[in-house]
Amino acid sequence: MAVEQPLATPAGDQSRIHDIGYRGYDGPRLGRGYARLSLYSQTLRGSYGLGRSVKSKVLPMLLFAVMCVPAAIMVAVAVATKAHDLPVSYTRYAIIMQAVISLYVASQAPQAVSRDLRFKTIPLYFSRPIETADYVRAKFAALASAMFILTGAPLLVLYLGALLSKMDFAHQSKGFGQGLVSVALLSLLFAGIGLVIASVTPRRGFGIAAVIAVLTISYGAVSTLQAIADAQGSSGAVPWLGLFSPVTLIGGLSSGLLGGTNTFPGSDGPTHGQGAVYLLVILGLVAATYGLLLRRYQKVGL
């Protein structure tokens with residue numbers, strides 16, 4: 001209860017000192033692990049607009065529906081025609097829908113980090129028992145998880161539809177597993193690239209435009225160069241050119257190591273050896289983006 005104590009002041013002065021009864025916190029200290037988990041769950045929920053306004057839910061939920069609806073249509077056609085295999089392989093589906101995936105990461109990567117930069121809340125995070133690595137890991141894992149949900153859900157729809165159509169269980173299970181590995185690596189790679197670009201600017205609009213530009217321009221340029229190389233008879237250079245774009249990296253890995261269909265110009269896709277190189281490059285890029293984010297926020301938190 002507040003207690004008013006009169007001040008020794010000149011007559012007529014109504015100043016008072018109020019004892020507001022400040023109380024310290026005596027509860028449990030949950031520490032860095034709980035803070036990291038809270039930051040992860042808050043960012044993951046925010047990637048789909050959960051806990052935010054209705055306006056914030058529209059785009060991520062719409063993109064999620066756009067990812068799943070074609071898979072549902074393919075399943076319906078397969079069931080109706082009693083097909084013996086799906087029209088699209090599990091590893092190829094994400095490549096076909098790469099425009100939707102790029103738009104999703106472009107819209108949600110700035111939401112994950114640019115707001116903290118714009119409103120200067122980073123020092124507030126680091127004033128608690130949480131370190132720079134905790135912040136970066138939570139944001140990276142949350143966006144990668146959100147993207148895995150986006151890319152993995154349509155594969156689950158395809159898999160369940162294939163089983164309903166009584167397609168070969170072993171073959172479909174193998175393809176489904178390979179597809180999950182492919183989209184898991186895609187999620188890590190795209191999340192890292194999106195967060196690195198978004199962390200450079202506090203302006204969300206600039207971050208969105210930059211992420212879209214990097215993903216789409218690199219894919220268009222590499223695809224054009226691959227088509228030119230194939231047309232000029234330099235088909236051996238086609239797989240190596242695929243190392244210079246995030247989308248073609250995933251496509252080359254899927255066809256080289258995961259049994260997917262070739263997405264490059266020409267009849268011959270990457271060999272197993274080249275697929276192993278693709279895997280190493282993807283893992284190297286994921287590690288590099290994590291390192292760049294760590295250094296970036298070490299400077300921001302000073």
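Leaving aside its neighbours within four places in sequence, with which residues is Ser-199 in contact? In this predicted model, the partners of Ser-199 are Val-113, Leu-117, Leu-293, Arg-296 and Tyr-297. Ser-199 itself belongs to the loop between α7 and α8, the latter spanning residues 204-231. Its relative accessibility is 3%, and Ser-199 therefore counts as buried. The side chain of Ser-199 also has a polar atom 2.8 Å from the backbone oxygen of Val-196.

Thr-289 is placed in helix α11, which covers residues 272-300. With residues up to four places away in sequence not counted, Thr-289 touches Val-196 as well as Phe-140, Gly-192 and Ile-193. Gly-192 and Thr-289 stand 97 residues apart along the chain, yet their C-alpha atoms are separated by 5.3 Å. Is Thr-289 buried or exposed? Its relative accessibility is 8%, below the 20% limit for the buried class, so Thr-289 counts as buried. A polar atom of the Thr-289 side chain lies 2.8 Å from the backbone oxygen of Val-286.

The description now turns to the packing of helices. Two packed helices are described by the angle between their axes and the distance between the axes. Helix α6 consists of residues 132-164 and helix α7 of residues 169-198. The axes of α6 and α7 are 8 Å apart, and the angle at which these helices pack is about 155°. Because angles over 145 degrees count as roughly antiparallel, α6 is roughly antiparallel to α7. Their crossing is right-handed. By class, the residues in the contact of α6 with α7 comprise 20 nonpolar, seven polar and one charged.

Helix α6 also packs with α4. The axes of α4 and α6 come within 11 Å and cross at roughly 155°. This angle makes α4 roughly antiparallel to α6. The crossing in which α4 passes α6 is right-handed. On the α4 side, the residues that meet α6 are Ile-101, Tyr-104, Val-105, Gln-108, Ala-109, Ala-112, Val-113 and Asp-116. On the α6 side, their counterparts are Tyr-135, Lys-139, Leu-143, Ala-146, Met-147, Leu-150 and Thr-151. The contact of α4 with α6 divides into 11 nonpolar, two polar and two charged residues. Val-113, listed here in α4, is also one of the residues in contact with Ser-199.

Helix α4, made up of residues 98-118, likewise packs with helix α2, made up of residues 54-81. How do the axes of α2 and α4 cross, and within what distance do they come? They cross at roughly 160° and come within 10 Å. The two helices are therefore roughly antiparallel to each other. The crossing in which α2 passes α4 is left-handed. Leu-59, Pro-60, Leu-63, Val-66 and Met-67 of α2 meet Val-100, Ile-101, Leu-103, Tyr-104, Ser-107 and Gln-108 of α4. The residues of this contact are nine nonpolar, two polar and no charged. Ile-101, Tyr-104 and Gln-108 of α4 are among the residues that meet α2, and they are also among those that meet α6.

Most residues other than glycine have a negative phi. Lys-82 is not a glycine, but has a positive phi of about 55°. Its place is in the loop between α2 and α3, where α3 covers residues 90-96. Lys-82 has 67% relative accessibility and so counts as exposed. Lys-166 is likewise not a glycine, and has a positive phi of about 60°. Lys-166 lies in the loop between α6 and α7. The relative accessible area of Lys-166 is 77%, and this residue is therefore exposed.

Methods: Residues numbered from 1 in each chain as written. Predicted model: local features only at pLDDT ≥ 70, side-chain atom pairs only at ≥ 80, totals over all residues. Heavy atoms only, no water. Axes fitted to C-alpha atoms, helices over the stretch in contact; angles between N-to-C directions. Helix = DSSP H or I, 4+ residues; strand = E, 2+ residues; numbered from the N terminus. Parallel < 35°, antiparallel > 145°, perpendicular 65-115°, else oblique. Left-handed = near helix turned anticlockwise from the far one by under 90°. Contact = heavy atoms within 4.5 Å. Nonpolar A, V, L, I, M, F, W, Y, C, P; charged D, E, K, R; others polar. Buried < 20%, exposed > 50% of the residue type's maximum accessible area, 1.4 Å probe, protein only. Polar contact = N/O pair within 3.5 Å; in protein donor to acceptor, adjacent residues only side chain to side chain.
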